[in-house]
Amino acid sequence: MAFERVKRTRKGDFQLRLPAGERELLRALPQQLRVLLTEGGAEDPALKRLFPPATMDDEAINAEFERLMRDELVAERLAAVETLERTLEAERLSEEDLAAWLSAINDLRLVLGVRLDVTEETTAADFASRPDDDPLVQMYAVYSYLTFLEDHLVSALAGRSD
């Protein structure tokens, strides 16, 4: 990585070096995830991606898992969103806060990936023929940035620097 956005310090916390434009982009996203988590319909494909079934072949087990765990899983995701919002302007983060960032950023990526119908084969070239002002091009740019940032978060938490 040419410029590390996140770096572990000697004190054990993490220095967050995000340019103002990146912070501005991130400022707009958590509320959208919060709305999806609290108001989204159960049949929304993005919610299905965030909350996959416990098993592929037993609806009774899936229903019981959903009944027992859904509220707790939603609460955990909402707590990560709140942490991201609360610490967005911070220059240093605790490991716990950085892990919450990773969770929220990953959830945002998953939602955008579903909305864009991203697969493992999807590349920027798939959007290159579209006009720059096409909302899908803009969504893919955000998706790509979140992928980039997620890599920085994972690397910092794992103690790697590339």
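This is a predicted model: local features need pLDDT of at least 70, side-chain atom pairs count only at pLDDT 80 or more; totals for chains, interfaces and linings use all residues.
Residues are numbered from 1 along each chain as its sequence is written, and side-chain values use heavy atoms, with hydrogens and water left out.

**Overall make-up**

The chain contains 6 helices and 3 strands, where helices (H or I, at least four residues) and strands (E, at least two) are DSSP runs numbered from the N terminus. Followed along the sequence, these elements give the pattern β-β-α-α-α-β-α-α-α. The C-alpha trace spans about 50 × 45 × 25 Å along its principal axes. Of the 162 residues in the chain, 38% are buried; buried here means under 20% relative accessible area, exposed over 50%, and partly exposed in between, with a 1.4 Å probe and protein chains only. The chain exposes about 9600 Å², of which carbon and sulfur atoms supply 52%, the areas coming from the Shrake-Rupley method with a 1.4 Å probe. Among contacts with a separation of 6 or more, 63% are accounted for by residues 24 or more positions apart, a contact being heavy atoms within 4.5 Å.

**Sheet and helix packing**

The strands form an open sheet of 3 strands in the order S1-S2-S3, with antiparallel pairing; two strands pair if DSSP finds at least two bridges between them. Strand S1 (6–8) and S3 are the edge strands, each pairing on one side only. Between S1 and strand S2 (residues 14–16) there are 3 bridges in the antiparallel sense, and Val 6 stands opposite Leu 16 in S2. Helix H6 (residues 135–158) packs on the sheet, where it touches S1 and S2, and its direction makes about 0° with that of S1.

Helix H6 also meets helix H1 (residues 20–39), the two axes coming within 12 Å and crossing at roughly 110°. Axes are lines fitted to C-alpha atoms, for helices over the stretch in contact, and angles run from 0 to 180 degrees between N-to-C directions. H1 and H6 are therefore roughly perpendicular to each other, a label that covers angles of 65 to 115 degrees. On the H1 side the contact involves Glu 22, Leu 25, Leu 26 and Leu 29, which meet Val 142, Tyr 145, Leu 146 and Leu 149 in H6. By class, this contact of H1 with H6 has 7 nonpolar, no polar and 1 charged residues; Ala, Val, Leu, Ile, Met, Phe, Trp, Tyr, Cys and Pro count as nonpolar, Asp, Glu, Lys and Arg as charged, and the others, Gly among them, as polar.

| Residue | Relative accessibility | Class |
|---|---|---|
| Val 74 | 14% | buried |
| Glu 89 | 49% | partly exposed |
| Asp 117 | 61% | exposed |

Val 74 is found in helix H3 and touches Leu 37 and Phe 51, when residues up to four places away in sequence are not counted. Glu 89 is placed in the loop between helix H3 (59–86) and strand S3 (92–93), and, with residues up to four places away in sequence again left out, Glu 89 touches Arg 23 and Arg 27. Asp 117 lies in the loop between helix H4 (95–116) and helix H5 (125–128), and has a positive phi of about 60° although it is not a glycine.

Key: Angles under 35 degrees count as roughly parallel, over 145 as roughly antiparallel, 65 to 115 as roughly perpendicular and the rest as oblique.
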